[in-house]
Amino acid sequence: MAGVDVGGGGGKRKSLDSEINMIPMIDLLMVTISFLLITAVWTHMARINADAQVPGPPRPDVEQEKVEPEKQLHVMMQGDEKFVLVWKQGSTTVDSIDVPRKDVVTTEGALTIVRFPDLAAKVESEWKAKGQHSNATDRKLDQAILHTDNKTEFRYIIGVIDAIYQTHRDISLGSKTEKLPAFNITFAVN
């Protein structure tokens with residue numbers, strides 16, 4: 001065991017050497033390190049891949065090249081009757097399509113799952129006609145922006161996201177080609 005000399009013991013007095021038990025201190029350090037490692041893993045796993053694309057004025061000190069803005073698909077949840085698919089290029093509306101809303105609700109155990117097969121089919125046909133990134137060597141994804149309000153239930157939002165993600169395209173990943181979703185989805189809440 002580790003011992004510490006606390007001085008004294010001079011003359012005729014008894015020695016004041018005492019031992020400090022190091023085992024509780026080592027235990028405390030081990031517990032602290034384990035909590036640190038576990039917390040670091042949890043904070044990494046709890047992150048959501050979010051991209052805040054906030055428009056703003058260009059920086060005056062950097063020369064801006066004139067690039068035509070890419071088309072974006074805006075999926076608007078318009079009440080209980082329909083979805084509106086709007087293709088925009090910058091602030092210009094290129095095309096607008098109404099899709100009737102037909103909820104297909106299924107129950108799997110305790111879960112209630114909502115699907116929108118008509119929306120998925122229309123998004124896929126629209127992407128094939130107007131999507132910009134369809135070449136297998138182009139790794140960039142088309143952008144889809146989901147517009148909804150604060151009252152929309154979570155299961156309906158997930159159903160719309162699933163419908164948009166059903167559109168797949170081939171992407172070349174080195175020596176192999178895989179089918180991956182064609183869209184990257186962001187949210188706009190009213």
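Two strands pair if DSSP finds at least two bridges between them. Strands (E, at least two residues) and helices (H or I, at least four) are DSSP runs, numbered from the N terminus. Keep both rules in mind on this tour.

The model is predicted, so local features need pLDDT of at least 70 and side-chain atom pairs count only at pLDDT 80 or more, while totals for chains, interfaces and linings use all residues. Residues are numbered from 1 along each chain as its sequence is written, and side-chain values use heavy atoms, with hydrogens and water left out.

**Stop 1: the open sheet**

Select β5, β4, β3, β8 and β11. These 5 strands form an open sheet in that order, with mixed pairing. At the edges are β5 (92-100) and β11 (183-189), each pairing on one side only. On average, neighbouring strands are turned by 20 degrees against each other, direction ignored. (Axes are lines fitted to C-alpha atoms, for helices over the stretch in contact; angles run from 0 to 180 degrees between N-to-C directions.)

Now zoom in on β3 (residues 71-78) and β8 (residues 142-148). They run parallel, joined by 5 bridges. Which residue in β8 is the bridge partner of Met76? Look for His147.

**Stop 2: the helices on the sheet**

Show α2 next. This helix packs on the sheet and touches β3, β4 (82-89), β5, β8 and β11. (Contact means heavy atoms within 4.5 Å.) The direction of α2 makes about 20 degrees with that of β4.

**Stop 3: two hairpins**

Select β6 (residues 104-108) and β7. They pair in the antiparallel sense over 5 bridges. Val104 stands opposite Arg115 in β7. The hairpin has 2 residues between its strands, and Gly109 takes a positive phi near 70 degrees.

Move on to β9 (residues 168-173) and β10 (residues 176-181). Their pairing is antiparallel, over 6 bridges. Arg169 stands opposite Leu180 in β10. This hairpin has 2 residues between the strands, and Gly174 in the turn has a positive phi of about 75 degrees.

**Stop 4: an aromatic pair**

Rings of Phe, Tyr and Trp (its six-membered ring) pair if their centres lie within 6.5 Å; planes under 30 degrees apart count as stacked, over 60 as edge-to-face and the rest as tilted. The count here is 1 aromatic pair. Show Phe83 and Phe116: they are edge-to-face, 5.1 Å centre to centre, with 85 degrees between the planes. Phe83 is in β4, and Phe116 is in the loop between β7 and α2, 33 residues apart.

**Stop 5: the cavity**

(Volume is the space filled by probe spheres set on the points.) Which helix gives the most to the lining? The answer is α3, with 3 residues.
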